[in-house]
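Q: I would like to learn how to read helix contacts and pockets. Please take me through some cases.

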Amino acid sequence: MMTIKQIEVTVREIAQGYVNNDEQGVRGYGGQLDIRPPYQREFIYNEKEQQAVITTVLKGYPLNVMYWVKRSDDAECPYEVMDGQQRTLSLCEYVDGKFSYEFKNFFNQPADIQNRILDYPLTIYVCEGEPSEKLEWFKTINIAGKALNEQEINNAIYAGPFVSDAKRHFSKSNCGAYRLGKDLVNGVAIRQDYLKKALEWMSDHETRDGRRQTVVGYMAEHQHDPNANNLWSYFQQVLNWAITNFDMKKFKKIMKGLDWALYYDRYHDKTLDTAEMARQISRLMRDSEIQRQQGIIPYVLTGDERHLDLRAFPDDIKLAVWEQQNHICPHCGKEFDFEFMEGDHITPWRDGGRTVIENCQMLCKECNRRKGAK
């Protein structure tokens with residue numbers, strides 16, 4: 001059962017053992033608190049916001065309540081800041097001499113001012129409980145300030161050796177996932193977009209293998225794994241397959257953001273004719289009928305025209321043809337109002353048909369669906 005207890009901690013205690021580096025992230029409270037875990041976004045208050053925190057403390061005004069989470073017993077660091085990260089960072093950075101307040105570094109302040117800051121009490125709520133209970137609580141409190149995104153909340157809920165190792169690969173500014181996938185995956189590593197994508201791909205992969213899986217389910221199942229090697233290995237396999245089979249120099253602009261894991265799972269054990277695919281892709285990229293160029297590679301792999309968002313007949317052409325046909329569907333011979341008919345390519349796009357009036361016929365919706373199903 002989840003418990004939430006209130007504690008009071010001074011700035012002095014928080015700042016004890018303060019470190020800020022790439023390996024450990026940002027820690028304080030004698031090394032017991034992840035102020036900003038290594039896998040979380042590298043964001044900090046701007047100067048005006050930092051100054052406001054110090055002003056609040058010096059005037060003795062109350063800072064808003066902060067929230068910590070108590071991690072599982074095998075977590076490397078027992079506590080994590082869930083809400084109040086930037087206020088905590090601002091206090092520790094000032095005490096550590098990283099910025100000035102009213103042109104004064106902390107170490108240049110009189111002793112009484114230093115002690116006023118160090119002895120300032122912070123009100124903390126510490127949450128401990130089951131992952132599902134924490135998740136509900138975090139979503140409730142995550143409504144103000146620099147809100148955490150869904151993946152950052154999941155990282156906190158399922159903190160442990162798996163997430164700690166995964167962040168090395170997926171969550172730093174120049175991490176391995178970014179270097180490999182910057183031209184293939186959307187998002188920003190420090191906002192957890194690469195980790196989220198890797199987890200989505202892995203959970204979809206396991207679902208396709210017959211195990212219904214979700215991102216949260218996968219994280220819960222592997223929370224206590226000693227590393228994230230399987231996740232990192234699969235991510236690399238997927239992207240290396242994409243890079244091997246498609247010319248990044250020629251097709252880069254249509255490759256980013258595709259569901260590469262889906263196509264890897266379907267086709268990685270097949271020998272693809274990469275030269276022929278490249279010729280098809282080059283031709284299709286010059287086809288003005290295709291409205292969604294990012295669908296070209298999925299179409300070449302699957303043959304499904306729905307990926308392409310082919311040009312539809314505009315209303316002026318459809319109205320003109322409808323009048324020419326005297327409102328009659330040429331397939332079933334029945335008369336229909338305009339809104340119950342659809343523009344159809346007489347010669348399909350795949351056979352060279354264009355979206356021009358000479359290639360348009362108006363079919364009733366039922367006949368058009370029947371034709372499209374053939």
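Predicted model: local features only at pLDDT ≥ 70, side-chain atom pairs only at ≥ 80, totals over all residues.

A: Residues are numbered from 1 along each chain as its sequence is written, and side-chain values use heavy atoms, with hydrogens and water left out.

Q: At roughly what angle do the axes of α2 and α3 cross?

A: Axes are lines fitted to C-alpha atoms, for helices over the stretch in contact, and angles run from 0 to 180 degrees between N-to-C directions. Helices are DSSP runs (H or I, at least four residues), as are strands (E, at least two), numbered from the N terminus. Here α2 (residues 47–58) and α3 (residues 85–95) have axes that come within 9 Å and cross at roughly 80°. They are therefore roughly perpendicular (65 to 115 degrees).

Q: Which residues of α2 and α3 meet?

A: Contact means heavy atoms within 4.5 Å. Gln 50, Val 53, Ile 54 and Val 57 of α2 meet Arg 87, Ser 90, Leu 91 and Tyr 94 of α3.

Q: How are α6 and α10 placed?

A: The axes of α6 (residues 150–157) and α10 (residues 215–222) come within 10 Å and cross at roughly 25°. The two helices are therefore roughly parallel (under 35 degrees). Gln 151, Asn 154 and Asn 155 of α6 make the contact with Val 215, Val 216 and Met 219 of α10.

Q: Which elements give two or more residues to the lining of the largest pocket?

A: A pocket is an open set of points on a 1 Å grid over the protein atoms alone, where a 1.4 Å probe fits, with protein on both sides within 12 Å along at least five of seven lines; lining residues have an atom within 4 Å of a point. Among the 18 lining residues, Glu 305, Asp 344, His 345, Asn 368 and Gly 372 are the closest to the centre of the largest pocket. The elements are β8 (341–345) and α17 (365–372).

Technical notes
Parallel < 35°, antiparallel > 145°, perpendicular 65-115°, else oblique.
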